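The sequence and the structure come first.

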Amino acid sequence: MAARERLLGAWRAALAAVQVERVLPPHLPAPPTAGRTRVLAAGKAAAAMAACVEAHWPATAPLTGLAITRHGHGQPLARIALRQAGHPLPDAAGVEAARDALYLVASADATDHVLALISGGGSSLLSLPAEGLTLADLRAVAGGLLRAGAPIDDINCVRKHLSATLGGRLAERCRAPVTALLVSDVVGDDPSTIASGPFAPDRSTYADALDVLARWRVAAPAAVLGHLRAGAGGALAETPKPGSACFAQV
């Protein structure tokens, strides 16, 4: 067999091995005995993952939720709302969807169950600016880091510290138990890196984010620098770290 055919065969086998319909159903949790299952899907595979949940979920079990995916990656959903937003740079549709995602998670109570379906691209699609920041601020910083060639860990470090949803912030706001199922697009499969870890602990700090901007010579807006400096100085709460109580239910 020619090298080209061997490589194409390996590529097709890899794609087949990670198809949502193959890998997701065995890991779906049982519906809660009381309350509702609230699905939050975010990433380029969000619509496919949400559709798979709908196909395998009992018809009589309450199911609601939101799937946020990249423009052009949607597909029909019956029980879960679909939003399409900007990637790799966030847009206004993504900010609105991320705001709704935060409400969906924060309004769940202890009888509900949050099913988080996270895939690559979720960092942009869940970009809700932290208080005092704007969409333009997030776009300027993300665009600058992308143009500079910064690695994904550095980009996500900054994103987490400019966001109300990333870097464990969704776990921090959730009172319901959470099952998070992730499709990894990063080497090492670190949950804090996939979609900037909305339900995962974050080891990075505001000071680290400032260091990233300086190292890659990104001219960040004044509001961004002010926000990060305030956080580094202790005036803002850090992202939740490993061992934080909010992760006991995730």
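Strand 2 is largely enclosed by the rest of the structure, because 6 of its 8 residues are buried. Buried means under 20% relative accessible area, exposed means over 50%, and partly exposed lies in between, with a 1.4 Å probe and protein chains only. Helices (H or I, at least four residues) and strands (E, at least two) are DSSP runs numbered from the N terminus. The model is predicted: local features need pLDDT of at least 70, side-chain atom pairs count only at pLDDT 80 or more, and totals for chains, interfaces and linings use all residues. Residues are numbered from 1 along each chain as its sequence is written, and side-chain values use heavy atoms, with hydrogens and water left out.

Strand 2 pairs with strand 1 in the parallel sense over 6 bridges; two strands pair if DSSP finds at least two bridges between them. Arg38 has Thr64 in strand 2 as its bridge partner. Between strand 1 and strand 2 the chain passes through helix 3 (residues 46-56), and this β-α-β crossover is right-handed. Right-handed means that, with the strands pointing away from the viewer, the path from the first strand over the helix to the second runs clockwise. Strand 2 also runs parallel to strand 3, to which 5 bridges join it. Here Ala67 has Leu82 in strand 3 as its bridge partner.

## The nonpolar core

The largest nonpolar core holds 31 residues, and those with the most contacts inside it are Leu40, Ile68, Val114, Leu126 and Phe199. Two or more residues each come from strand 1 (37-42), strand 2 (63-70), helix 4 (92-106), strand 4 (113-119) and helix 8 (169-173). Helix 4 gives the largest share, 7 residues. A nonpolar core is a set of buried Ala, Val, Leu, Ile, Met, Phe, Trp, Tyr and Cys residues joined through side-chain atoms within 4.5 Å.

Apart from neighbours within four places in sequence, Leu40 is in contact (heavy atoms within 4.5 Å) with Leu66, Ile68, Ala101, Leu104, Val105, Leu115, Ala116, Leu117, Leu170 and Phe199.

## Salt bridges

The model has 8 salt bridges, each a side-chain nitrogen of Lys or Arg within 4 Å of a carboxyl oxygen of Asp or Glu. One of them joins Asp100 and Arg83, whose closest N and O atoms are 2.4 Å apart. This pair links distant parts of the chain, with Asp100 in helix 4 and Arg83 in strand 3 (residues 81-85), 17 residues apart. Asp100 is partly exposed at 31% relative accessibility, and Arg83 is partly exposed at 27%.

Another salt bridge joins the side chains of Asp154 and Arg215, at 2.8 Å from N to O. Because Asp154 lies in helix 7 (residues 152-160) and Arg215 in helix 9 (residues 206-215), the pair ties together parts 61 residues apart in sequence. Asp154 is buried, with a relative accessible area of 13%, whereas Arg215 is partly exposed at 44%.

Glu172 and Arg169 also form a salt bridge, with 3.2 Å between the closest N and O atoms. These residues are 3 apart in helix 8, so about one helical turn separates Glu172 from Arg169. Glu172 is partly exposed at 38% relative accessibility, while Arg169 is buried at 11%. Salt bridges with shared partners join Lys160, Asp202, Glu238 and Lys241 into one network.

## His227

His227 is in helix 10 (residues 222-232) and counts as buried, at 11% relative accessibility. A polar atom of the His227 side chain lies 3.0 Å from the backbone oxygen of His161. Beyond neighbours within four places in sequence, the contacts of His227 are Ala130, Glu131, Leu133, His161, Leu162, Tyr206 and Leu236.

## Arg159

Arg159 is in helix 7 and is buried, at 16% relative accessibility. The side chains of Arg159 and Asn156 are joined by a polar contact of 3.1 Å. A polar contact is a pair of N or O atoms within 3.5 Å; within protein, one must be able to donate a hydrogen and the other to accept it, and residues adjacent in sequence count only if both atoms are side-chain atoms.

Leaving out neighbours within four places in sequence, Arg159 is in contact with Pro88, Ser123, Ser124, Ile152, Leu166 and Ser196.
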